[in-house]
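Thanks for coming. I will go through one structure, starting with a term and then moving through a few places in the chain.

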Amino acid sequence: MQRAEPQDFSRVLSSMCTEPHPTARDAAERFLATNPGDPGTYETVAKMEREAVDLLGQVAGLQDAAGYIASGGTEANIQAVRIARNRADTRDPNFVAPASAHFSFRKAADILGVELRTAPLEDYRANLDGVAELIDDDTALVVGVAGTTEYGRVDPIPALSDMATDADALCHVDAAWGGFVLPFTAHAWDFSDADIDTMTIDPHKMGQAAVPAGGLLARGPELLDELAIDTPYLESTSQVTLTGTRSGAGVASAVAVMEELWREGYERQYRQSQTNADWLAAEVRSRGFDVVSPVLPIVAMDLPHDLVADLRERGWRISRTEADEARVVCMPHVTRPMLQEFLADIDELA
Ligand code: PLP
């Protein structure tokens, strides 16, 4: 069989992953044969994982962070719901999340037997009255999203965390994608802005680490302890992760790239991505199409179906939002020349 090659990124417009930074790629390769799921045996990578969590804590405004490098945002979100469920003093727990929340929360509800209550949106963000109406004595968790998947919107995190506190529930922030761009904005989203208990923040998205490197952070180790399971046959005695054997490559690449880019490198990347998003939005608007203004570097545009189909024919990898807009995520590999080429194709095909 011919040797298969991965896709190149020159026409990938909607992915939330990107080409790993060269430092991340190198570290991933070196640590391929390591398993942080067995820290007693794989000591070096286990130590690196603590560094990774520490660095993620710096990005998210949390000193002495607890947490681990997960397989991705899905696992981190599931685990956050699991922590809240295990801690809650009810037989019939529920959690409240805005309609914009990632579908991984639906998986969490299904797997964990916790009811998901979906709050309405207002201008793409959680509507606070709507959230308040859904909270009751059985609410274990209130979720806010810091950088929504479709429109890059940031929920009113401090208000949501106040509501969680009043209800004796936990507050989880899903910053899986937004966590590496939000530090350079004025949004209130991190542990220093609000009484947040857990957070999803993924190095393998805007952090430019190799897949798989998601991140779960918790304000303190006692929250993670809610997940602890005894591990009789390993050298270590308990495990809080969802998966057993895990990728040391993901852990090593996350540490390497965060050490390299936090914080100037990430700030430079954010500015470039945001400038590109603003530029693309203005260009597409000037051609007569509606555009949802990019608060963070994600542009949703009302392009006709036929046009999107033709663009796909030309190799552009572009997805649609639930409301049917075409969506461009300005990841690090999405450069200005690439967007110019994309616009030239729109002009030719429209
Ligand atoms: N949360 C948000 C906000 C996301 O955008 C995504 C994926 O795009 C996820 C969670 C799930 O992350 P993963 O695909 O790494 O499991």
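One definition first: a residue is called buried when its relative accessible area is under 20%, exposed when it is over 50%, and partly exposed in between. Please also keep in mind that this is a predicted model.

Let me begin with R11. Its relative accessibility is 21%, so R11 counts as partly exposed. R11 forms a salt bridge with D345, and the closest N and O atoms of that pair are 3.5 Å apart. R11 lies in the segment before α1, which covers residues 22–30, while D345 is in helix α11, residues 336–349, so the bridge ties together parts that are 334 residues apart in sequence. As background, side chains of opposite charge can pair when their charged atoms come close.

Now the other partner. Is D345 buried or exposed? D345 has a relative accessibility of 9%, so it counts as buried. D345 also forms a salt bridge with R314, where the closest N and O atoms are 2.9 Å apart. This second pair again links distant parts of the chain: D345 is in helix α11, and R314 is in the loop between α10 (305–313) and β14 (319–320), 31 residues away.

R314 is our next stop. At 32% relative accessibility, R314 counts as partly exposed. R314 forms a salt bridge with E348 too, with 3.1 Å between the closest N and O atoms. E348 counts as exposed, because its relative accessibility is 56%. Which residues do these shared partners join into one network? The network consists of R11, R314, E341, D345 and E348. For the whole model, the count comes to 17 salt bridges.

Next, charge on the surface. E122, D123, D129 and E133 gather there in a patch of negative charge. One of them, E122, has its place in strand β4, residues 121–122.

From the surface we go to a buried residue. N94 is found in strand β2, which covers residues 94–98. Its relative accessible area is 1%, and the cut-off for buried is under 20%, so N94 is buried. What does the side chain of N94 make a polar contact with? The partner is the side chain of T139, at 2.8 Å.

Now the backbone. The general rule is that most residues other than glycine have a negative phi, and most peptide bonds are trans.

D64 is not a glycine, yet its phi is positive, near 50 degrees. D64 is found in the loop between α2 (43–59) and β1 (66–70). With a relative accessibility of 65%, D64 counts as exposed. Q208 is not a glycine either, and its phi is positive at about 65 degrees. Q208 lies in the loop between β8 and β9. Is Q208 buried or exposed? Its relative accessibility is 7%, so Q208 counts as buried.

The other two concern peptide bonds. The bond from V211 to P212 is cis, with omega near 5 degrees. P212 lies in the loop between β8 (198–200) and β9 (214–218), and Q208 lies in the loop between those strands as well. The bond from W262 to R263 is also cis, with omega near 5 degrees. R263 is found in the loop between α8 (248–261) and α9 (264–286).

Last, a distance across the model. P221 lies in helix α7, residues 221–225. P221 counts as exposed because its relative accessibility is 51%, and the cut-off is over 50%. How far apart are the C-alpha atoms of P221 and S15? They are separated by 33 Å, and the two residues are 206 apart along the chain.

D345 is buried at 9% relative accessibility, and it forms salt bridges with R11 and with R314.

Technical notes: Residues are numbered from 1 along each chain as its sequence is written. This is a predicted model: local features need pLDDT of at least 70, side-chain atom pairs count only at pLDDT 80 or more; totals for chains, interfaces and linings use all residues. Side-chain values use heavy atoms; hydrogens and water are left out. Patches are made of residues with over 30% relative accessible area and no salt bridge: like charges are joined within 9 Å, nonpolar side chains (Val, Leu, Ile, Met, Phe, Trp, Tyr) within 5 Å. Accessible areas come from the Shrake-Rupley method with a 1.4 Å probe; for residues, only the protein chains shown count as cover. A salt bridge is a side-chain nitrogen of Lys or Arg within 4 Å of a carboxyl oxygen of Asp or Glu. Lys and Arg count as positive and Asp and Glu as negative; His and the chain ends are not counted. The place of a charge is taken as NZ of Lys, CZ of Arg, CG of Asp or CD of Glu. Helices (H or I, at least four residues) and strands (E, at least two) are DSSP runs, numbered from the N terminus. Buried means under 20% relative accessible area, exposed over 50%, partly exposed in between (1.4 Å probe, protein chains only). A polar contact is a pair of N or O atoms within 3.5 Å; within protein, one must be able to donate a hydrogen and the other to accept it, and residues adjacent in sequence count only if both atoms are side-chain atoms.
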